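The sequence and structure come first.

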Amino acid sequence: MAKRLRTQRRGAGGNGYRSPSHRHVDDIRLPVFNEKDGIVKDLIHAPGRTSPLAIIDYDGTSTYQIAAEGVSVGQKVAVGGTKITPGNIVKLSSIPEGTAIHNIEGSPGDGGKYAKVAGASAMIVSRGSTIVVQMPSGTFKEFNPNCRAAIGAVAGNGKMDKPLVKAGKNYHRLHTRSKANFHVSGVAMNAVDHPHGGGSHPHIGGPSTKSRNAWPGQKVGRLSPEKKERR
């Protein structure tokens with residue numbers, strides 16, 4: 001009897017694929033204040049994240065925020081306003097072109113969804129009825145001008161400059177983020193273990209695309225491309 005595919009095992013959520021949530025720091029979202037100043041009280045390590053976190057006190061209310069590069073303990077940061085300083089949270093409509101930003105909201109008030117890993121930053125390209133932002137991948141994306149973002153790049157760049165040395169360290173690093181530390185390709189498996197396996201040849205031997213509507217056990221390889229619309 002064949003074992004379940006990797007996609008099926010991940011979907012079942014076993015211990016190997018379950019993130020240790022008890023180790024994670026609180027949900028990181030941009031604060032809902034309109035305009036308020038705060039002070040950085042501490043910079044801490046956050047298991048499960050590639051970047052450090054900043055504990056910011058806003059008049060007695062402490063929140064966790066992704067630490068921006070250059071932010072230090074005791075520094076003043078602001079929510080709202082138009083001051084372009086690393087760590088400040090400003091509406092996209094008030095940020096000039098060419099400014100590096102991170103933790104960008106996808107829709108106004110959602111708390112931030114884009115450019116959140118260590119060393120990542122996006123850049124404002126143009127402003128108008130929509131704000132065009134160049135994402136860390138190089139692609140361009142449009143945002144509502146009322147969406148907010150934090151100024152600067154995410155701290156923690158160069159995290160992997162120091163070698164891991166041992167495979168065990170890599171295992172624990174990836175396990176904190178619920179990721180496997182090895183990946184066996186389907187063509188390297190036996191036919192009983194994977195649809196791409198078997199045949200004593202290093203190629204699939206058939207179509208590598210699957211329908212987008214296929215059930216999870218069938219979704220191996222690539223998804224079928226979408227039809228192009230004729231203009």
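## Salt bridges

Glu97 and Arg127 form a salt bridge in which the closest N and O atoms are 3.8 Å apart. Glu97 sits in the loop between strand 5 and strand 6 (100-102), and Arg127 in the loop between strand 7 and strand 8 (131-134), so the pair ties together parts that are 30 residues apart in sequence. The model is a predicted one.

How accessible are the two partners? Glu97 is partly exposed, with a relative accessible area of 43%. Arg127 is partly exposed as well, at 40% relative accessibility; the term applies because each value falls between the limits of 20% and 50%.

A search of the whole structure finds 2 salt bridges. The other one joins Arg148 to Glu105, with the closest N and O atoms 3.0 Å apart. This pair links distant parts of the chain: Arg148 belongs to strand 10 (residues 148-151), while Glu105 is in the loop between strand 6 and strand 7, 43 residues apart. Are Arg148 and Glu105 buried or exposed? Both are buried.

In general, side chains of opposite charge can pair when their charged atoms come close.

## Pockets

Strand 3 gives the most, with 4 residues.

The second largest pocket is lined by 19 residues, and the closest to its centre are Arg6, Arg9, Tyr17, Ala180 and Phe182. Here the elements that give two or more residues are helix 1 (6-12) and helix 2 (167-175). Helix 2 gives the most, with 3 residues.

| Pocket | Volume | Lining residues by class |
|---|---|---|
| Largest pocket | about 430 Å³ | 9 nonpolar, 10 polar, 7 charged |
| Second largest pocket | about 310 Å³ | 8 nonpolar, 5 polar, 6 charged |

## A surface patch

Which residues form a nonpolar patch on the surface? They are Met123, Val125 and Phe140, and together they have about 270 Å² of accessible area. Val125 is found in strand 7 (residues 122-126). At 33% relative accessibility, Val125 counts as partly exposed.

Key. Residues are numbered from 1 along each chain as its sequence is written. This is a predicted model: local features need pLDDT of at least 70, side-chain atom pairs count only at pLDDT 80 or more; totals for chains, interfaces and linings use all residues. Side-chain values use heavy atoms; hydrogens and water are left out. Patches are made of residues with over 30% relative accessible area and no salt bridge: like charges are joined within 9 Å, nonpolar side chains (Val, Leu, Ile, Met, Phe, Trp, Tyr) within 5 Å. Accessible areas come from the Shrake-Rupley method with a 1.4 Å probe; for residues, only the protein chains shown count as cover. A salt bridge is a side-chain nitrogen of Lys or Arg within 4 Å of a carboxyl oxygen of Asp or Glu. Buried means under 20% relative accessible area, exposed over 50%, partly exposed in between (1.4 Å probe, protein chains only). On a 1 Å grid over the protein atoms alone, a cavity is a set of points where a 1.4 Å probe fits but cannot get out, and a pocket is an open set with protein on both sides within 12 Å along at least five of seven lines; lining residues have an atom within 4 Å of a point. Grid points are joined across faces, edges and corners, and a volume is the space filled by probe spheres set on the points. Ala, Val, Leu, Ile, Met, Phe, Trp, Tyr, Cys and Pro count as nonpolar, Asp, Glu, Lys and Arg as charged, and the others, Gly among them, as polar.
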